[in-house]
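Please look through the sequence and the model below before reading on.

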Amino acid sequence: MTLDQWRKNKGHSYKSLAAMLGASHATVVRRWCMPFADDNRMIPAPKFMMRILDLTRGEVQPNDFYIQ
């Protein structure tokens, strides 16, 4: 499951998700949630990957940020 799918399923905004993950701004989280083909898409740093894994209780895995 992608982070964006998880975010939408749980009803979180980019801003609220950024706060839960300790990200500096909602724009950072929005870039993590962009489609694979978007040039502005970013992959979270390892410390955020661990926070995402914990927050989502494993529903969003590190490999979900890569094209499969």
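Predicted model: local features only at pLDDT ≥ 70, side-chain atom pairs only at ≥ 80, totals over all residues.

Helices are taken here as DSSP runs of H or I with at least four residues, numbered from the N terminus, and by that reading R7 is found in helix α1.

With a relative accessible area of 10%, R7 is buried, since the term buried is applied under 20%. Leaving aside residues up to four places away in sequence, R7 touches H12, S13, Y14, L17 and C33. One of these contacts has a particular geometry, in that the charged end of R7 sits over the ring of Y14, at 3.9 Å from the centre of that ring. Helix α1 also holds N9, but N9 is exposed, with a relative accessible area of 58%. The C-alpha atom of N9 is separated by 14 Å from that of R57, a residue 48 places away along the chain.

The next helix, α2, covers residues 14-21, and L17, A18 and L21 are buried in it. Seen down the axis of α2, these buried residues fall within an arc of 105°, and they therefore line one face of the helix. What, then, covers the buried residues of α2? The cover includes α1 (3-10), α3 (26-32) and α4 (46-55). After α2 comes G22, whose phi is positive, near 75°.

The structure holds one aromatic pair. In that pair, the rings of W32 and F48 have their centres 5.2 Å apart and their planes at 50°, so the pair is tilted, given that planes under 30 degrees apart would count as stacked and those over 60 as edge-to-face. The pair links distant parts of the chain, with W32 in helix α3 and F48 in helix α4, 16 residues apart. Are these two residues buried or exposed? W32 is buried, and F48 is buried as well.

Notes: Residues numbered from 1 in each chain as written. Heavy atoms only, no water. Buried < 20%, exposed > 50% of the residue type's maximum accessible area, 1.4 Å probe, protein only. Helix = DSSP H or I, 4+ residues; strand = E, 2+ residues; numbered from the N terminus. Arc of directions from axis to C-beta. Contact = heavy atoms within 4.5 Å. Phe/Tyr/Trp six-rings, centres within 6.5 Å; stacked < 30°, edge-to-face > 60°. Lys NZ or Arg CZ within 6 Å of the ring centre and 35° of its normal.
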